Amino acid sequence: SWWKASFPGSPPLVHLAVDGLISPEAFFLCKLLIAFGSPLLLSPFRLWSKIYAGACLLLAMYSMISPLWRLPHVGFLVLLYLVYAFWQLPSLTMVKPHHA
């Protein structure tokens with residue numbers, strides 16, 4: 001179609017990482033974020049979700065310096081949404097008991 005021919009998007013971030021087209025730092029961040037995703041989300045500390053959001057933002061910035069970067073892939077926009085979602089994640093603190 002004319003849309004794909006006129007505006008070729010960048011490959012997804014996972015494909016860039018597997019093909020070795022992103023920097024080693026970005027590939028390390030990909031592996032780190034995948035490995036620590038579930039434990040960080042299950043942690044009751046809000047600080048960990050903010051660190052995860054910062055790492056996702058850093059990964060987005062590293063992916064934009066790839067030589068194949070042209071236009072963002074949908075997965076890139078989802079990564080930016082994850083940054084926002086992890087930053088806004090509420091704390092899992094216990095409710096203070098009410099003293100009568």
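User: Which residues in α4 are buried?

Analyst: Start with the cut-off: buried means under 20% relative accessible area. This is a predicted model, so read each value as a property of the prediction. In α4, the buried residues are Ser49, Tyr52, Ala53, Ala55, Cys56, Leu59, Ala60 and Ser63. Look down the axis of α4 next. Its buried residues fall within an arc of 160°, so they line one face of the helix.

User: What does α4 reach from its first C-alpha to its last?

Analyst: Compare the span with what is expected at 1.5 Å a residue. α4 has 18 residues and reaches 26 Å. The expected value is 26 Å, and the model comes close to that.

User: Which are the buried residues of α5?

Analyst: In α5, Phe76, Leu79, Val83 and Phe86 are buried. Seen down the axis of α5, these buried residues fall within an arc of 85°, so they line one face of the helix. Val74, Tyr81 and Tyr84 are exposed, on the other side of α5. The 14 residues of α5 should span 20 Å at 1.5 Å a residue, and the end C-alpha atoms are 20 Å apart, which agrees.

User: Which residues does leucine 79 touch, not counting residues up to four places away in sequence?

Analyst: A contact means heavy atoms within 4.5 Å. Leucine 79 sits in helix α5. With 10% relative accessibility, leucine 79 counts as buried. Leaving out residues up to four places away in sequence, leucine 79 touches Leu13, Cys56, Leu59 and Ala60. Now set sequence against space for one partner. Leucine 79 and leucine 13 lie 66 residues apart in sequence, yet 9.6 Å apart in space, C-alpha to C-alpha.

User: Where is leucine 29 found?

Analyst: Leucine 29 belongs to helix α3, which covers residues 24-42. At 10% relative accessibility, leucine 29 counts as buried. It touches Ala55, Leu58, Leu59 and Tyr62, again not counting residues up to four places away in sequence. Leucine 29 and leucine 58 are 29 residues apart along the chain, and their C-alpha atoms are separated by 8.3 Å.

User: Is valine 14 buried or exposed?

Analyst: Exposed means over 50% relative accessible area. At 56% relative accessibility, valine 14 counts as exposed. Valine 14 is in helix α2, residues 13-18.

User: Which residues form a nonpolar patch on the surface?

Analyst: Residues join a patch with over 30% relative accessible area. Here the patch is Leu57, Leu58, Met61, Met64, Leu77 and Leu80. Together they have about 510 Å² of accessible area. α4 (46-63) and α5 (74-87) each supply at least two of the patch residues. The largest share, three residues, comes from α4. Take Met61 as one of them. Methionine 61 lies in α4. At 46% relative accessibility, methionine 61 counts as partly exposed.

User: What does the accessible surface of the protein come to?

Analyst: Finish with the totals. The accessible surface of the protein comes to about 7400 Å². Carbon and sulfur atoms account for 74% of that surface. Of the 100 residues, 25% count as buried.

User: Among contacts between residues at least 6 apart in sequence, what share join residues at least 24 apart?

Analyst: The share is 68% for this protein. The leucine 79 and leucine 13 contact is one between residues 66 apart in sequence.

Note on methods
Residues are numbered from 1 along each chain as its sequence is written. This is a predicted model: local features need pLDDT of at least 70, side-chain atom pairs count only at pLDDT 80 or more; totals for chains, interfaces and linings use all residues. Side-chain values use heavy atoms; hydrogens and water are left out. Patches are made of residues with over 30% relative accessible area and no salt bridge: like charges are joined within 9 Å, nonpolar side chains (Val, Leu, Ile, Met, Phe, Trp, Tyr) within 5 Å. Accessible areas come from the Shrake-Rupley method with a 1.4 Å probe; for residues, only the protein chains shown count as cover. A salt bridge is a side-chain nitrogen of Lys or Arg within 4 Å of a carboxyl oxygen of Asp or Glu. Helices (H or I, at least four residues) and strands (E, at least two) are DSSP runs, numbered from the N terminus. Buried means under 20% relative accessible area, exposed over 50%, partly exposed in between (1.4 Å probe, protein chains only). The expected span of a helix is 1.5 Å times one less than its number of residues. The arc is that of the directions from the helix axis to the C-beta atoms.
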